[in-house]
Amino acid sequence: MATIDQNTIKHVAQLANIPITPSETESLTHDFIKTLEVVNQLQKISVQDVTTTHQVTNLKNVLRDDEINHAKMLTQEQALANAKNTHQGYFVVPRILTK
Amino acid sequence: MSDLNKLTLTQALEKLDRKQISLTDIYTDVNQAIDQNNKKLNVYLNLQDHPEKIAQSQHSHQLKGLPIAVKDNFSAIGLPTTASSNILKDYYPPFESTVTKKIKQAGGVVIGKTNLDAWAHGSSTETSDFGRTLNPRNPDYLPGGSSGGSAAAIAGDLAIAAIGSETAGSIRQPAAWCGTVGLKPSYGRVSRYGVIAMASSTDSPGPITKTVEDAALLFTIMAGHDPNDATTSANTVPNLTQELNQSIKGLKIGLLYLDVPGLETIKPIYQEQIKVLQSLGAVVEPVQALDPHYAIGVYTVVQRSEVSSNLARLDGIRYGQDRSFFGAEAKRRIMLGTFTLSKGYADQYYNLAQKVRTLFIQDFEKLFSQYDVLIAPTSPGFAKKIGSSQGAAMFGELEDMLLEPSSIAGLPGISVPCYKDNQTNLYLGLNIMAPMFREDLMVRVADAFEKNTPWNSWRNNS
Amino acid sequence: MTTYTPVIGLEIHAELKTASKMFCGCANDPFSAKSPNIYTCPVCLGLPGALPVPNKKAIDWTIKLGLALDCKINYFSKFDRKNYFYADLAKGYQISQYDIPFCYEGKISTSQGEIRITRIHLEEDTGKLLHDTVAGTPVSLIDFNRSGVPLVEIVCEPDIKGGAQAQEYGKKLRCLMRYLNIADCKMAQGGMRLAANISLAPVGTKGLPNYKVEVKNINSFKFLEQAIDYEIDRQTELLDQGQTPVQETRGWDANKQQTFSQRTKEAAEDYRYFPDPDIPPIEFTKQQISAIKKSLPELPEQVIARWQDKYQLSQSTAEQLSASQEQVAWIDQILTLAHQQQLSPLDIINDLINKKIKVKVDDDAQAVVTQFKTLHQTVAVDQDQLDQAVTLVISQNPDAVAKYKAGKTQVLGFLMGQIMAQLKTKVDPQQIKIALTTALK
């Protein structure tokens, strides 16, 4: 069973790209523990020889033909319309240093 | 004073057909009701300007230009789509969801976007970033959620019909709490294209309406295969209006969950109400099902895992505000979901939950081999008082416990009012579940129940 | 002193040249786009509520590539979400394949031995980042025209032994993908990207080294070879000093001709892979796979072997002429016609390579053969005419004649050329040679 402490929360917040304050770290730790208490009930039921269900549809091979869908494409104006920061057709963010 | 806003969808269509009323008259009353009540109830976040003008050109289509309330997690052109979150406060989608496209093509007018729990994370509509919605039946109480705004739009007669979405209870529970009908279709029946994703593997858009026949009509318009959504079924969409006024004689009905701890006060109410079904010739038997408490664990993990990934696109670069604007509940869920998928934990949380999910699917298969439909209380009790969800981390999951099993299995269900407390004016709902793609069976039973009981406030002016 | 064996594996990404993107119907043409963000839609722009639908052709082409590389095919496969945050990743996750790639366990041969292909999978490309300064502020600009373009990722086992072999491996894959008509692999455009994992194992030890260094963002074969060779030297030096090279990602600085550290790979990213709930799994039938296998053309390796065997073409000539299926078909036609018309196939090919035969784009095979015949056509010349020409040339070129008599026989070619110019017709060179050498005695 997972031990949850503030370090867990800080690590998860980083993975999830969510900024949290120190007081949020504390309350989230508490919330996690409470939620996992409920979730850990799952350990009580036997899942021997049971496979995972990721989709309930039983669908397979839902594919599309290699065609351009002009009706669905957005103009540059539409693509940029909701952005706070644009420049000459681009989305703008503060300089990213390395990849 | 005319109260044309109190008409059901079917009634309004009939009266328009017979030219007994005009669209202008309907919109006058609906707009007036909104003017009078929306501020207090906080049903609509954004309203369409002059919807009656749009309606005029729609009168020859199936829905004849009637006003439909749409939950604000459906992308629709012309109004913001906010998911009740500060992040998307000023987001105007450049595309239309398939559902609203179909509604508009059928002549429906989107009169406004209704409030929800932010990102559909909740069962109260109290965790909206734009204030809670009140239950029109009794404004000291919550309307349920996450489609609380749509359910309240119906209960308060601020629209003729409404659209909501359910991940695990979010159509049926608010419908029950508000004393309305809520129909959750089979997963894959209605396209999710354009609906802001919550749990991708269970999200099901569906109608919230005044009567079962209204829901049947809207379902038939909304449902169908969509090439934009790879999880939609090619299964033929049944014309559910053919299931109205049909006999349920000989149907075998399994009764679930009445013995779940916590339901003691409402158990006798349900035992009384099922007698109606028996009097109509159905065979009703209590039957054991897999303990719904396990569904809470499954839903909690699967929903949060999927949503943590679905909301990763909200980075404020292409639209919206940055991630610091997420509300507390959203932060909780995204982080928990990130955790349950993370290295070292995915097996004991995410994969385990998906295995227990299989157990529920198998359990329902076994039950449906014995019964045509299954029924159960929609909720463990009546609507809760405003403020109840605050500080309660698992509020929604517990309130939706009886709905989570069918939701995680992708099964369809419809909730109809089955009792009213005359003191509080609050309702209980009866959840009728059917096998995958057998919405016809559940609508048949729901319609029979509605027409043979006094609980529908539009049929019986109660 | 210890000697080390390089342990090198390559990861190659190639953009498939489908008409539309991997999970949406946007035009797949990022490099030619005249403006940024003109080939987007709700899906590849990552708008809320948008959903992916896979491109069938991209999947078929991935299988095709796998079969051409002798891979096994996973009959049941799926797409998974690879979750991480980056400004050019619109959805905050990349749709890729995790544990069940379409193709696995293949191989390709090189002059220095066989390279095992570990896996080939299909995924989507990200948007493109550019760095700029706007109103005095350093910024990054993002263009999503490339977001969602189909990308195959080819991973090989660490069987590569050095920079030269890596280059050969990469070039062979590029040739193959171009030959199959599934990718242009234009490296300068980013149509093909290379990354290498490099480590060194002391000679004689078993098992893999306990570290590996990844060198990324290499956009030419020359740089690949240089980077690998540099790394081998750098790591050798560290190991000789008893240090283990840091497990990290490095880039290649072409100006300084060095690799440089980009970030430590120690805290490896946690991508939280899970099957994409929006995309039903893929299941192939045996018939589908064998149909794709049947549709495979004769592969370059097979063509080269055939030409070497039947026509004694050299390896490099055969490679040069087997760049595309169209070219192979054309050359085969020429060779067949040559054979039928009793001409030397090898001679025709050599004239083609050396551009003695001038070819236009649409020249049919017969036109080429005809040109060859005309080029080498010889006319029987009157002996007197020939003798006259020989005499004239000898008298006009006393220096050359003197050189010939002094033993510089190479000058004969020059004199023969002069005689041919005099005669103005194509004469059998042998005839000229006999007449000339006789006269010079």
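Author: Chain C is assigned domain 1 (4–286), domain 2 (297–375) and domain 3 (383–440). Such bounds come from an automatic or database domain assignment. This is a predicted model, in which local features need pLDDT of at least 70, side-chain atom pairs count only at pLDDT 80 or more, and totals for chains, interfaces and linings use all residues. Residues are numbered from 1 along each chain as its sequence is written, while chains are lettered from A and ligands numbered from 1 in the order in which they are written.

Reader: How do you know that domain 1 of chain C touches domain 2 of chain C?

Author: Contact requires C-beta atoms, placed from the backbone, within 7 Å. Five residues of domain 1 of chain C meet that criterion with five residues of domain 2 of chain C. Helix α2 (residues 163–179) of chain C gives the largest share of the domain 1 side, four residues. Helices here are DSSP runs (H or I, at least four residues), numbered from the N terminus. The centres of the two domains, over C-alpha atoms, are 35 Å apart.

Reader: What makes up the domain 1 side of chain C by class: how many nonpolar, polar and charged residues?

Author: Four are nonpolar, none polar and one charged. Ala, Val, Leu, Ile, Met, Phe, Trp, Tyr, Cys and Pro count as nonpolar, Asp, Glu, Lys and Arg as charged, and the others, Gly among them, as polar.

Reader: What is the predictor's confidence in chain C?

Author: pLDDT runs from 0 to 100 for each residue. The mean for chain C is 92, and 98% of its residues reach 70 or more. For the complex, the predictor gives an ipTM of 0.96 and a pTM of 0.92.

Reader: Which residues make the contact of α2(A) with α10(B)?

Author: L28(A), D31(A), F32(A) and T35(A) come from α2(A), and R332(B), M335(B) and L336(B) from α10(B). By class, four are nonpolar, one is polar and two are charged.

Reader: Why is α2(A) called oblique to α10(B)?

Author: The axes of helix α2 (residues 22–39) of chain A and α10(B) cross at roughly 60 degrees and come within 11 Å. Axes are lines fitted to C-alpha atoms over the stretch in contact, with angles from 0 to 180 degrees between N-to-C directions. Under 35 degrees is roughly parallel, over 145 roughly antiparallel, 65 to 115 roughly perpendicular, and the rest oblique. The crossing falls in the rest, so α2(A) is oblique to α10(B).

How values were computed:
Contact = placed C-beta atoms within 7 Å. Helix = DSSP H or I, 4+ residues; strand = E, 2+ residues; numbered from the N terminus.
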